[in-house]
Amino acid sequence: HISRSEGERGSAENLQDMRMALFASIVASMLVNPVLSRASGHRNSTFLSTTRSCRKTNERVGLFVMCQGFHGSTAFLQLLMSSGSVATSCRNERWQCEEQWITVPGHGTIRGSLEAMGFEKLEAMAKFWDLNKDIILMQKLGHPSSLFENEADDMGRADVIQYLHQHKPLPQEFRNANIRKVEPVVIILWRPHCLRVLSSSIHWYTLDRHLQDLRRWIKIKSETASRGIPTFVLNFGDMLFNQVAFRKNLNKVQCMGNIDFDFVPRLYRDVWPGNHYKIGGSIADYVEHLESRNLGARHLGFNESTGTCNQKAAANKTNAEMIKMLEEELAHMSRW
C-alpha cells in the first residue's frame with residue numbers, strides 16, 4: 001500500500017527497520033533475569049479451573065508447540081509451567097529447556113539426528129519428563145514446512161508426531177509408568193506482524209519470512225485436522241493483551257488445568273542453571289513493562305477485540321493483502 005518510488009520505499013523501509021530494531025533492544029533489556037530466584041512461583045491471582053475430565057491413567061497427552069524462534073515460545077513455556085498438569089524437560093539443563101539439544105545415543109542431538117527414528121527420540125527424552133503428569137511437553141519450539149510430507153523438519157520432531165499418531169509401542173520408561181498411549185496434540189503459536197517489534201529477531205525476521213510462516217501455520221493446521229490430530233491456534237498478542245481469550249482457548253487442551261500469568265519459575269524446581277533461562281519475571285510483569293514504555297496494544301496497533309493489527313503490513317500491495325488475509329484467518333482460529 002506504499003505508493004513511492006523503489007528508492008524512496010527502500011529508504012523508508014530501512015528507517016523503519018532501524019526504529020524497530022531500537023524498540024527490540026529496549027524490549028530485550030526488560031527480559032534480563034532480575035527475579036528468577038523469587039521464593040514463590042505465584043502471586044495473588046485468580047485461577048481458571050478446568051472442567052474437562054482428564055485421560056485414563058494409562059494415557060497421556062503429548063504436546064507439540066509450533067512457533068517461530070524468538071517469537072514467544074519461552075514465554076508460553078513459562079505459562080505451561082504454571083500448570084501442575086504439564087511435564088517439561090527442563091531437567092535436561094539444555095538451552096531454554098529446548099528438547100532439540102537432547103542427545104540421542106549414537107546419533108547426536110535430536111535436532112541433528114535425522115537418521116534416528118521416533119522411538120529413539122522418545123527414549124532419549126523420556127528420562128527428563130515427570131511421566132506422572134497428564135500432559136508431556138514434547139516440543140517447545142518448531143516451524144517445519146510440513147509434518148506429514150517428508151519435508152524439512154529443522155527441529156527433528158515430525159517423526160515423533162507420526163510415531164505417536166500411529167500408536168506404535170512406547171519406550172520402556174513409558175511402560176514402567178503404566179503408559180500405553182500418548183495422544184499427540186499440536187499448538188500453533190503465531191504473532192501478528194505489528195508485534196514483530198517485540199522480538200529480538202527483528203533485524204533478520206523480515207515480512208517475507210513472516211508471510212512464509214503464516215502460510216506454514218495454515219498448512220500445518222490443515223494437515224493435522226485432516227488426520228484427526230487435535231490442533232489449537234493461539235495468538236501471541238492475546239497472551240499479552242487479551243489473556244481472557246488466550247486462557248479460554250488454551251484450556252481447550254484436555255487436562256491443562258490452572259494457568260497463571262503471574263507465575264515466576266523457581267530455580268531447581270521449574271528451571272535449572274544449565275537452561276540459562278532468559279525470562280526473569282512473569283508475563284504479567286512483562287505486560288506492565290510494555291505499558292509503562294508506551295509499547296502496549298494501542299501503541300503497537302494491536303486490536304485486542306479482533307486479535308489482528310489495525311494497519312496493513314509495510315510490504316508491497318500483494319504481500320500486504322496476503323498478510324492481512326492470513327492473519328485474519330489465524331485470528332479467527334485463535335478465538336473460535
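Predicted model: local features only at pLDDT ≥ 70, side-chain atom pairs only at ≥ 80, totals over all residues.
Residues are numbered from 1 along each chain as its sequence is written, and side-chain values use heavy atoms, with hydrogens and water left out.

View 1. The chain holds 11 helices and 9 strands, where helices (H or I, at least four residues) and strands (E, at least two) are DSSP runs numbered from the N terminus. Of its 336 residues, 55% are buried, a term that stands for under 20% relative accessible area, with exposed meaning over 50% and partly exposed in between (1.4 Å probe, protein chains only). The largest nonpolar core has 49 residues, and Phe 76 and Leu 250 are those with the most contacts inside it; such a core is a set of buried Ala, Val, Leu, Ile, Met, Phe, Trp, Tyr and Cys residues joined through side-chain atoms within 4.5 Å. Helix α2 (residues 73–81) gives the most to this core, with 6 residues. Apart from this core lies another one of 43 residues, including Met 125, Ala 126, Met 138 and Leu 147. In soluble globular proteins, nonpolar side chains tend to be buried together.

View 2. Leaving aside residues up to four places away in sequence, Leu 250 touches Phe 76, Leu 79, Leu 80, Ile 187, Leu 234, Met 256 and Ile 259, a contact being heavy atoms within 4.5 Å.

**View 3. The open sheet and Thr 231 in its strand β7.** Five strands form an open sheet in the order β2-β5-β1-β6-β7, with parallel pairing, where two strands pair if DSSP finds at least two bridges between them. Strands β2 (86–87) and β7 (231–235) stand at the edges, each with a single partner strand, so one side of each has no neighbour in the sheet. Strand β6 (residues 181–190) pairs with β7 in the parallel sense over 5 bridges; Val 186 stands opposite Thr 231, and Trp 190 has Asn 235 as its bridge partner in β7. Thr 231, Val 233 and Asn 235 point one way from β7, whereas Phe 232 and Leu 234 point the other way, and all are buried. Thr 231 itself counts as buried because its relative accessibility is 13%. Its side chain is joined to that of Thr 224 by a polar contact of 2.7 Å, which is a pair of N or O atoms within 3.5 Å; within protein, one must be able to donate a hydrogen and the other to accept it, and residues adjacent in sequence count only if both atoms are side-chain atoms. Not counting residues up to four places away in sequence, Thr 231 touches Val 186, Ile 188, Lys 221 and Thr 224.

**View 4. Glu 183 in strand β6.** Glu 183 is found in strand β6 and counts as buried, with a relative accessibility of 16%. A polar contact of 3.2 Å links its side chain to the side chain of Lys 181.

View 5. Helix α11 (residues 317–335) lies across β6 and β7, running at about 110° to β7. Helix α3 (residues 118–126) packs with α4 at an angle of about 100°, with their axes 8 Å apart. That makes α3 roughly perpendicular to α4, since angles of 65 to 115 degrees count as such, those under 35 as roughly parallel, those over 145 as roughly antiparallel and the rest as oblique. Gly 118, Phe 119, Lys 121 and Leu 122 in α3 meet Asp 159, Val 160, Tyr 163 and Leu 164 in α4.

Key. Axes fitted to C-alpha atoms, helices over the stretch in contact; angles between N-to-C directions.
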